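Please look through the model below before reading on. The notes that follow are in numbered points.

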Amino acid sequence: RRKVAKTYQDVLANQPGIHFVDVPENSEPAYYQFAIILENGIDVVTLRKRLKSEYRIDAKNIYKATHEEPIFRQFDKGDLAQTKRIMDHSLCLPMHPGVTMEDTTWIAETLVKELRKVI
């Protein structure tokens, strides 16, 4: 998974509209998911749908923000707008044992191609 993550990072580095989630120093992530954050103004829902329908790339949001889960809504004081924005602009790229290094490069290059259409 770290090799897959490294390939995503290498291909997506310095691409407009993409931000990586910071990995704390001296940590070794397991990369259960490979998440990126897309800039405001990018229609993440449409992008995700195009990746799926046109290329069969299954990308998703990180998670629903905790304060949006029904069981926790009572605790939302309305001050978590930034959390919602980040979660809504997140995109997790495929990260599973069936993803090959070639797949990873193709997925990242395809994402860049599609992002260039909307930026």
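**Notes on the chain**

1. The chain carries 18 positive and 17 negative side chains, and the centres of these two sets are 5 Å apart. Keep in mind that this is a predicted model.

2. The secondary structure consists of four helices and three strands. Along the sequence, the elements come in the pattern α-β-β-α-α-β-α.

3. For 119 residues, a compact globule would have a radius of gyration near 14 Å; the chain has 15 Å, so the two agree. Along the principal axes, the C-alpha atoms fill a box of roughly 45 × 35 × 25 Å.

4. What share of the 119 residues is buried? The figure is 37%, where buried means under 20% relative accessible area. The accessible surface of the chain is about 7900 Å², and carbon and sulfur atoms account for 53% of that.

5. Take the contacts between residues at least 6 apart in sequence: 74% of them join residues at least 24 apart.

6. Helix H4 covers residues 101-118.

7. Which residues of H4 are buried? They are Thr104, Ile107, Ala108, Thr110, Leu111, Val112, Glu114 and Leu115. An α-helix has 3.6 residues a turn, so residues three or four places apart point the same way.

Notes:
Residues are numbered from 1 along each chain as its sequence is written. This is a predicted model: local features need pLDDT of at least 70, side-chain atom pairs count only at pLDDT 80 or more; totals for chains, interfaces and linings use all residues. Side-chain values use heavy atoms; hydrogens and water are left out. Helices (H or I, at least four residues) and strands (E, at least two) are DSSP runs, numbered from the N terminus. The radius of gyration is taken over C-alpha atoms; the globule rule is 2.2 Å times the number of residues to the power 0.38. Buried means under 20% relative accessible area, exposed over 50%, partly exposed in between (1.4 Å probe, protein chains only). Contact means heavy atoms within 4.5 Å. Accessible areas come from the Shrake-Rupley method with a 1.4 Å probe; for residues, only the protein chains shown count as cover. Lys and Arg count as positive and Asp and Glu as negative; His and the chain ends are not counted. The place of a charge is taken as NZ of Lys, CZ of Arg, CG of Asp or CD of Glu. The expected span of a helix is 1.5 Å times one less than its number of residues.
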